[in-house]
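My entries follow in the order I made them.

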Amino acid sequence: MTTQIQICSEKISLRPNGTLTVPPRPVVLFIEGDGTGPDIWRATQPVLEAAVDKAYGGQRQIVWREILAGEKAFKLMGSYLPVETLSDLREYRVALKGPLTTPIGGGFRSLNVSLRQVLDLYACIRPVRYYPGVPSPLREPEKIDMVVFRENTEDVYAGLEWPAHSSEANKIIDFLNKELGCRLSPGTSIGIKPMTEQGSKRLIRMALKYAIDSGRASVTLMHKGNIMKYTEGAFQNWGYEVALEEFEDRVVSEAEVESRYYGQAPAGKVVLKDRLADNLFQQVLLRPSEYQVIATPNLNGDYISDALAAQVGGLGMAPGANIGDNCAIFEATHGSAPKYAGQDKVNPCSLILSGAMLLEYLGWREAAQLIHQALPRVIQAGKATYDLARQLPHVTEVSCSAFGQALVGQIIVSNER
Ligand code: NAD
């Protein structure tokens, strides 16, 4: 039996050195999300609570507080992203978020992108690892254990684009043709790809620190600098600069490993590599064990994280986090999958594993570990949601909520604490 201690819920705060102070009963915000968001949230909450309870015997507890965004916010408050939601996120710092729907080709701007930009959540972190029992198109999926650090605020996601024939696009075309000798046709649509030294370096710095702290062997800068020389090419150069300026004693370049260390990386050092984006897509399929951490600009990161997710079970298994210096929002990589909304059908693992990342971020590793251990056991015991079950002949398809309950059951009987 667990003893419940009575302590008031408290805010998570930030020390001057940037690390978190987490009270035993921290307030953690949640956004249910649109489409299938409420289904996966209902399955996720009991799993996270069971893991915390099992790990800390009632001495720690998450105090959930709902904030609104998306369709629910519009219905109840007349705004898709109310100011109250933003101020709560700034105040309470940590949130778990369901997916939010965005119209394509018009309508309002992506709420997900807005949240990342307004709160300066500059790193999108997506771990990709294989859980035994999960179907994969690869012969050796267990070789995949990577973490993608995707820059989250710049690049073609900055929202600087204008439709063909608009007065804004026409002005830019006119300027480029007259002042810079370009030859753009009238009626060209325009998008701008801004990338800064500061924005790139802080993302790469976070990836390098993560690799050093977690004992990962390498960080790879993924870019398309052969074509986009002053944006993606600069990203690569800034990556080597930050490594040299700030991590000289802990990081060694791949070229140095060859030229100075006879191809064998010195013990305790992280190897910094770079790969063109197209090449990396085939490398992660053919030589996955050579890649541990990938640092990359926004668009490449979006593509590679979904492609990697497919290698370890698909979007239903892909967690993520958007992290800045003051605030962190954990969310599934997938979208709101509206065609399955309200059917209690989709895989809740992406949000559950995002919740496990949240627990790790709070420093509650024991609770996160319980989830990582329970997940493959449930699948190997023959239960999975439709996306995995249809690929596994001996597995019974269960609903989203039933999968969550099976995980709770597995956590409760687990011997690990
Ligand atoms: P989606 O990720 O919602 O769904 C694509 C397909 O992936 C689904 O049809 C389904 O087959 C599968 N899938 C997704 N989630 C799954 C799960 N949990 N379990 C099993 N299978 C799952 O992508 P979409 O249809 O392109 O986008 C729908 C909406 O979501 C759009 O409005 C888009 O803008 C938005 N979106 C939001 C986020 C976010 O909130 N961070 C991310 C991506 C897309």
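I call a residue exposed when its relative accessible area is over 50%, buried when that area is under 20%, and partly exposed in between. The model is predicted.

Entry: Asp 174 is at 38%, so I put it down as partly exposed. The two side chains form a salt bridge, N to O 3.1 Å. Both residues belong to helix α5 (residues 167–179) and are four residues apart, about one turn of the helix.

**Entry: a pair between helices.** I next looked up Lys 201 and Glu 241, whose side chains meet in a salt bridge of 3.0 Å, N to O. Here distant parts of the chain are linked, since Lys 201 sits in helix α6 (residues 197–214) and Glu 241 in helix α7 (residues 232–246), 40 residues apart. Lys 201 is buried at 7% relative accessibility, while Glu 241 is partly exposed at 33%. I also noted a network of salt bridges that links Glu 197, Lys 201, Glu 241 and Glu 245.

**Entry: the sheet.** I traced an open sheet of eleven strands with mixed pairing, in the order β4-β3-β5-β15-β14-β6-β7-β13-β10-β12-β11. The edge strands are β4 (63–66) and β11 (251–253); each has a single partner strand, so one side of each lacks a neighbour in the sheet. From one strand to the next the twist averages 25 degrees. Strand β3 (residues 27–31) runs parallel to β4 and is joined to it by four bridges. Val 27 is opposite Val 63 in β4.

Helix α8 (residues 254–261) packs on the sheet, where it touches β11 and β12 (270–276), and its direction makes about 80 degrees with that of β11. I found helix α4 (residues 111–118) lying across several strands, among them β5 (94–97) and β15 (328–331), and running at about 155 degrees to β15.

Entry: I checked Glu 331 and Lys 97, which form a salt bridge with the closest N and O atoms 2.5 Å apart. Glu 331 is in strand β15 and Lys 97 in strand β5, so the pair ties together parts 234 residues apart in sequence. Both residues are buried. My count for the model is 22 salt bridges.

**Entry: His 372.** I located His 372 in helix α12 (residues 365–380). Its relative accessible area is 10%, so His 372 is buried. The side chain of His 372 makes a polar contact of 3.2 Å with that of Glu 360. Beyond four places in sequence, I listed contacts of His 372 with Arg 129, Tyr 131, Leu 353, Ala 356 and Glu 360.

Technical notes
Residues are numbered from 1 along each chain as its sequence is written. This is a predicted model: local features need pLDDT of at least 70, side-chain atom pairs count only at pLDDT 80 or more; totals for chains, interfaces and linings use all residues. Side-chain values use heavy atoms; hydrogens and water are left out. Helices (H or I, at least four residues) and strands (E, at least two) are DSSP runs, numbered from the N terminus. Buried means under 20% relative accessible area, exposed over 50%, partly exposed in between (1.4 Å probe, protein chains only). A polar contact is a pair of N or O atoms within 3.5 Å; within protein, one must be able to donate a hydrogen and the other to accept it, and residues adjacent in sequence count only if both atoms are side-chain atoms. Contact means heavy atoms within 4.5 Å. Two strands pair if DSSP finds at least two bridges between them. Axes are lines fitted to C-alpha atoms, for helices over the stretch in contact, and angles run from 0 to 180 degrees between N-to-C directions. A salt bridge is a side-chain nitrogen of Lys or Arg within 4 Å of a carboxyl oxygen of Asp or Glu.
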